[in-house]
Amino acid sequence: MFTGYLAVSHRCAICQEPLSDYKTADLPALFTILVVGILLVPVLWVGFAVFRPDPLVLFGYIGVFMVTLTLVMLRLVKGANVGYFWAIDEKDRGA
Ligand SMILES: [Zn+2]
């Protein structure tokens with residue numbers, strides 16, 4: 001359903017459904033930021049309380065983890081959003 005990392009293909013390769021009619025706008029980014037942001041505080045808190053690392057080392061590990069999680073989640077959430085909009089037939093009406 002994707003032609004690039006986040007670019008939705010014009011039509012489904014199997015059923016020819018016009019997938020590009022289902023515009024998700026900023027919803028995937030909003031949802032991803034919400035989840036990653038909520039995870040950030042407890043991960044930082046537990047990571048520092050349990051392992052007592054140097055703050056820069058903790059920042060490095062947490063930074064890599066959060067960026068990876070964001071990049072993986074964003075594509076999955078975008079696919080789920082397009083699927084949800086397809087399921088409720090919420091097409092772009094040019095509003
Ligand atoms: Zn299809």
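The following questions and answers set computed values of this predicted model against the definitions behind them.

The model is predicted, and local features need pLDDT of at least 70, side-chain atom pairs count only at pLDDT 80 or more, and totals for chains, interfaces and linings use all residues. Residues are numbered from 1 along each chain as its sequence is written.

Q: What makes up the secondary structure of the protein?
A: The protein has two helices and zero strands. Helices (H or I, at least four residues) and strands (E, at least two) are DSSP runs, numbered from the N terminus.

Q: How does the radius of gyration of the protein stand against that of a compact globule of 95 residues?
A: The rule for a globule is 2.2 Å times the number of residues to the power 0.38, and the radius is taken over C-alpha atoms. A compact globule of 95 residues would be near 12 Å, but the protein has 18 Å. Along its principal axes, the C-alpha trace spans about 55 × 25 × 20 Å.

Q: Why does Q16 count as exposed?
A: A residue is exposed if 12 or fewer other C-beta atoms, placed from the backbone, lie within 10 Å of its own, buried if 20 or more do, and partly exposed in between. Q16 has 9 such neighbours inside 10 Å, and therefore counts as exposed. Q16 is found in the segment before α1 (27–51).

Q: Is R52 buried or exposed?
A: R52 has 8 other C-beta atoms within 10 Å, so R52 is exposed. R52 is found in the loop between α1 and α2 (55–87), and its phi is near 45 degrees, a positive value in a residue other than glycine.

Q: Why is L40 called partly exposed?
A: L40 has 14 other C-beta atoms within 10 Å and is therefore partly exposed. L40 lies in helix α1.

Q: Why is α1 called roughly antiparallel to α2?
A: The axes of α1 and α2 come within 9 Å and cross at roughly 150 degrees. Because angles under 35 degrees count as roughly parallel, over 145 as roughly antiparallel, 65 to 115 as roughly perpendicular and the rest as oblique, α1 is roughly antiparallel to α2.

Q: Which residues make the contact of α1 with α2?
A: Two residues are in contact if their C-beta atoms, placed from the backbone, lie within 7 Å. Among them are L27, F31 and L40 of α1 and L58, I62 and M66 of α2.

Key
Axes are lines fitted to C-alpha atoms, for helices over the stretch in contact, and angles run from 0 to 180 degrees between N-to-C directions.
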